[in-house]
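My entries follow in the order I made them.

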Amino acid sequence: GSVASMLHVLPSHVSMKSDACVRCVVRTLAAFVATESRSLEAWHVAQPLPPSVGGAAWTVGAVLALARGVWRRLCTPGVLPQPTHAVLTKVYLLSHAAAEVRYDLVLVDEAHDLTAAEFAAINLIRGRRIYAHDGHQSIFGFRGCMAPESMAAAPFVHRRALTQSHRCGEPLASDVRCIVSGLTGDAEFEFRGAAGRTTTISIEAEP
């Protein structure tokens, strides 16, 4: 599936006894890669565990051992010709390579889509950092992006709300305010449309 493609995990990487075990190991690795943890631990192991094979029940320790074996292969040069972004970011974080890099300024757009591992890796970079994020948006939860409250709790030095849209007009902005306030209970949510820009809103009949 999509997670397996993201991690490039194949049954041939390590000896596994069932497709269910492969899926469990893939979910375990996906959980590990998305966090800033330095090692694969029991709490990363995906639940439920795979069904028993040949009367032998799977344990957290057994799945963890397989996942660690796959991770070692993922980190072995030459095993994967095209490492994925998620794997590269995790290796980058664990190697502390980011701490050796310095930029005058790092700009991160759509920061609400970052995983904890990506956020931690960026924070290791020396230099000023600016994150632009939407606390009401979280569409990449399936890949382990940080929860909105985690980004809200991050120790930023300065925060500034960007409430003015330069893309849509006031009619759409008004509807956005109504929907966001209704869904989140945030009565103080502010979003203004661009002056002089019109936006047509219509409801199409279902085919």
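**Entry: the cores**

I began with the largest nonpolar core, which has 20 residues. Val25, Leu29, Phe32, Leu40, Val63 and Trp71 touch the most other members. I noted that helix H2 (19–34), helix H3 (60–74) and H4 each supply at least two residues of this core. H3 gives the most, with seven residues. I then found a second, separate core of 11 residues, with Val106, Ala111, Met151 and Ala154 among them.

My terms: a nonpolar core is a set of buried Ala, Val, Leu, Ile, Met, Phe, Trp, Tyr and Cys residues joined through side-chain atoms within 4.5 Å. Buried means under 20% relative accessible area, exposed means over 50%, and partly exposed is in between (1.4 Å probe, protein chains only). Helices (H or I, at least four residues) and strands (E, at least two) are DSSP runs, numbered from the N terminus.

**Entry: what I am reading**

This is a predicted model: local features need pLDDT of at least 70, side-chain atom pairs count only at pLDDT 80 or more, and totals for chains, interfaces and linings use all residues. Residues are numbered from 1 along each chain as its sequence is written, and side-chain values use heavy atoms, with hydrogens and water left out.

**Entry: Leu40**

Next I followed one core member. Leu40 lies in the loop between H2 and H3. At 5% relative accessibility, Leu40 counts as buried. What does Leu40 contact, leaving aside its neighbours within four places in sequence? I listed Thr28, Leu29, Phe32, Leu64, Ala67, Arg68 and Trp71. Contact here means heavy atoms within 4.5 Å. Leu40 and Arg68 are 28 residues apart in sequence, yet their C-alpha atoms are 6.7 Å apart in space.

**Entry: salt bridges**

I count a salt bridge when a side-chain nitrogen of Lys or Arg is within 4 Å of a carboxyl oxygen of Asp or Glu. By this rule there are three.

- Arg68 pairs with Glu41, with the closest N and O atoms 3.6 Å apart. Arg68 lies in helix H3 and Glu41 in the loop between H2 and H3, so the pair ties together parts that are 27 residues apart in sequence. Arg68 is partly exposed at 34% relative accessibility, and Glu41 is partly exposed at 31%.
- Arg177 pairs with Glu170, with the closest N and O atoms 2.7 Å apart. Arg177 is partly exposed at 24%, and Glu170 is partly exposed at 33%.
- Arg192 pairs with Glu190, with the closest N and O atoms 2.6 Å apart. Arg192 is partly exposed at 35%, and Glu190 is partly exposed at 42%.

**Entry: helix H4**

Which residues of helix H4 (residues 85–94) are buried? I found Ala86, Val87, Thr89, Lys90, Leu93 and Leu94. Seen down the axis of H4, these buried residues fall within an arc of 165°, so they line one face of the helix. The arc is taken from the directions from the helix axis to the C-beta atoms. An α-helix has 3.6 residues a turn, so residues three or four places apart point the same way.

**Entry: helix H5**

In H5 I listed Ala117, Glu118, Phe119, Ala120, Ala121 and Ile122 as buried. They pack against H2, H4, E1, strand E2 (126–131) and helix H6 (148–152).

Most residues other than glycine have a negative phi, and most peptide bonds are trans. I looked for exceptions.

- Just after H4, His96 takes a positive phi of about 60°.
- Glu110 is not a glycine, yet its phi is positive, about 50°. Glu110 sits in the loop between strand E1 (102–108) and helix H5 (116–124). At 37% relative accessibility, Glu110 is partly exposed.
- Gln47 and Pro48 are joined by a cis peptide bond, with omega about 0°. Pro48 is in the loop between H2 and H3.

**Entry: a nonpolar patch outside**

Last, I checked the surface. Leu105, Leu107 and Ile130 form a nonpolar patch with about 290 Å² of accessible area together. Leu107 is in strand E1 and counts as exposed at 62% relative accessibility. Patches are made of residues with over 30% relative accessible area and no salt bridge; like charges are joined within 9 Å, nonpolar side chains (Val, Leu, Ile, Met, Phe, Trp, Tyr) within 5 Å. Accessible areas come from the Shrake-Rupley method with a 1.4 Å probe, and for residues only the protein chains shown count as cover.
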